[in-house]
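Colleague: Please take a close look at one part of this model, beginning with a single charged side chain and its partners. From there, a connected account of the related contacts elsewhere in the chain would be welcome.

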Amino acid sequence: MKGTVIDMQIPRCMSTQHPDNVHTPFFSSGEIIFGEDEVKEAYYAFSHLGCTEQMWDCEGKEVDTYVVKKLLTGYESFFRTNKLGEDVFITLRVPNPTVEKAEAKILLETLESIPRSYDAAQLFYGRDIAPIFEVILPMTTSHLCLDRIYKYYKDYIVERQYNSLRPGDISLQDWIGEFLPRSINVIPLFEDLEHMVNADRIVMDYLEDKTPAYQRVFLARSDLAMNYGFAAAVLINKIALQRFEQVAAIKGIPLLPMVGVGSAPFRGNLKPSTARRLMAEYPSVQTFTIQSSFKYDNPVDEVREGVRQLNEGVVKPAMQVDEERCLEIVQRYAAEYNRQVVELAPIINAAAKYVPKRRARKLHIGLFGYARSMEGVSLPRAISFTCALYSIGLPPEVLGLSALSTDDYRFIKEVFVNADADFADALSCLDIDAEILPASIRKKLDKLGIAYETDQEHLQMTRDVHASLKAARTERIGEVMLLAANRRGFLG
């Protein structure tokens with residue numbers, strides 16, 4: 001069928017614009033990546049790193065809806081051979097009007113750009129090819145949120161081509177051409193506990209009147225950790241992934257999970273050196289996010305090798321977990337984590353002021369992961385939150401641990417297969433003697449017996465930052481934060 005997509009290879013690696021990088025890429029015109037630099041970034045991810053998908057964020061920033069035209073005209077030789085929409089892909093992340101009222105109409109503007117991008121690709125390739133046919137909806141809370149986007153595009157953008165502006169006049173299609181593709185795929189992004197554990201039902205309801213060849217589903221990892229704690233985020237993801245397999249069996253179509261992971265252990269611990277670990281942790285995941293730190297804070301040969309490993313990895317069945325036990329632990333763990341975060345909020349916010357910016361972004365409004373508030377206490381966004389805590393010698397991975405018994409941790413390690421390794425990576429940046437470290441966590445670390453080696457160089461930097469914050473000596477805080485981030489290999 002003209003204007004549809006069939007027999008495509010679903011990407012394993014999706015390059016994203018998450019600003020968790022210490023180093024600025026060589027093609028950026030400044031320390032903050034924006035505008036034309038992000039077009040260059042998409043080309044670089046495709047041509048040099050081996051990623052086959054680029055998330056194009058239309059949420060929280062000035063939107064460039066001409067990315068397809070700019071890529072095709074700016075890098076003609078590459079895209080003649082690597083066809084946009086068949087070999088490499090642009091996937092739009094759109095605002096969620098249900099939550100982000102201030103940016104609601106950007107959704108419409110973004111959807112309107114899809115047929116225009118189709119026209120650009122058609123002229124470039126001399127045949128029908130859809131360069132953009134999927135959009136990601138963040139903070140999905142209902143199948144209706146997904147269905148509205150699907151039907152708005154189909155009924156209000158595509159179908160209007162058959163209308164005339166006045167009786168007896170030519171149709172819009174005759175006047176300005178066809179509107180293609182005829183439909184788009186909507187990918188739900190689940191970001192909180194309530195909707196993550198109900199994601200299977202939401203997807204089932206959305207697919208009730210649809211028969212797609214496949215359905216992609218996107219699970220947050222970073223905001224889950226910020227909302228409920230490090231280990232809880234992993235357990236919640238495992239529950240959702242297990243339930244997605246049941247949906248796939250019932251509906252008889254592939255459900256292809258995506259997971260949003262960053263380089264900090266707290267946000268997923270995906271670096272070039274840990275690619276195989278992530279595939280073992282999430283064997284049923286089809287697509288992993290390749291965020292900015294992965295791309296720019298490691299030697300390029302190592303980045304390519306990490307991407308290659310992911311691209312060649314084999315998707316396997318999801319791990320089967322005891323959901324009831326997982327949720328019981330999550331509830332206790334998250335309550336203790338939240339209590340400790342609220343107590344630490346003043347120093348977190350004080351340190352976060354000095355975290356360097358890496359992307360031009362506006363503020364989001366929405367669920368806690370976006371509003372960044374807990375019990376009336378405001379908090380920075382996830383990357384700044386993570387960086388702030390690492391910078392004062394208190395990796396956020398340790399928060400909430402005091403709620404766990406040794407039996408709890410033994411169970412967690414059965415589900416969270418990289419628990420010891422990920423905790424060891426995080427704890428290398430812990431100042432065990434820091435006055436801000438809750439005594440209950442110090443005792444629990446001894447009891448759980450997690451082995452780790454302290455990075456002494458990072459330790460001295462974090463003590464410098466903490467001392468400077470206490471003494472209100474602010475002139476070097478940002479500089480030392482960057483040095484510490486460079487030492488550990490990610491910003492936040």
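Modeller: Lys151 has a relative accessibility of 35% and therefore counts as partly exposed; on this scale, buried means under 20% relative accessible area, exposed over 50%, and partly exposed in between, with a 1.4 Å probe and protein chains only. The model is a predicted one, in which local features need pLDDT of at least 70 and side-chain atom pairs count only at pLDDT 80 or more, while totals for chains, interfaces and linings use all residues. Residues are numbered from 1 along each chain as its sequence is written, and side-chain values use heavy atoms, with hydrogens and water left out.

The partner of Lys151 is Asp209: the two form a salt bridge whose closest N and O atoms are 3.7 Å apart, a salt bridge being a side-chain nitrogen of Lys or Arg within 4 Å of a carboxyl oxygen of Asp or Glu. Lys151 belongs to helix 5 (residues 143-158), whereas Asp209 lies in the loop between helix 8 (199-206) and strand 6 (215-220), so this pair ties together parts that are 58 residues apart in sequence. Helices (H or I, at least four residues) and strands (E, at least two) are DSSP runs, numbered from the N terminus. A network of salt bridges links Lys151 and Asp209 with Asp147 and Lys210. Lys210 has an aromatic contact as well: its charged end sits over the ring of Tyr206, 4.0 Å from the centre. The rule for such a contact is that NZ of Lys or CZ of Arg lies within 6 Å of the ring centre and within 35 degrees of the ring normal.

In total, the structure holds 35 salt bridges. One of them joins Arg127 to Glu86, with the closest N and O atoms 2.8 Å apart. This pair links distant parts of the chain, 41 residues apart: Arg127 is in the loop between helix 4 (104-125) and strand 4 (134-137), and Glu86 is in the loop between helix 3 and strand 3 (89-93). Arg127 counts as partly exposed at 34% relative accessibility, and Glu86 is partly exposed at 35%. Another salt bridge joins Arg476 to Asp464, at 3.4 Å between the closest N and O atoms. Here Arg476 sits in the loop between helix 20 (456-471) and helix 21 (477-488), and Asp464 in helix 20, twelve residues away. Both residues are partly exposed, Arg476 at 38% and Asp464 at 27%.

Rings of Phe, Tyr and Trp (its six-membered ring) pair if their centres lie within 6.5 Å, with planes under 30 degrees apart counted as stacked, over 60 as edge-to-face and the rest as tilted. By this rule there are 18 aromatic pairs. Phe27 and Tyr44 have ring centres 5.5 Å apart and planes at 55 degrees, so they form a tilted pair. Phe27 lies in the loop between strand 1 (13-15) and helix 1 (36-49) and Tyr44 in helix 1, so the pair ties together parts 17 residues apart in sequence. Phe27 is buried at 10% relative accessibility, as is Tyr44 at 8%. The rings of Tyr43 and Phe78 also have centres 5.5 Å apart, but their planes stand at 90 degrees, so this pair is edge-to-face. Tyr43 of helix 1 and Phe78 of helix 3 (residues 76-81) are 35 residues apart, a link between distant parts of the chain. Phe78 counts as buried at 16% relative accessibility. Tyr43 and Phe78 belong to one aromatic cluster together with Phe46, Tyr75 and Phe79.

Helix 1 also deserves a note on its geometry. Just after helix 1, Gly50 takes a positive phi of about 95 degrees.
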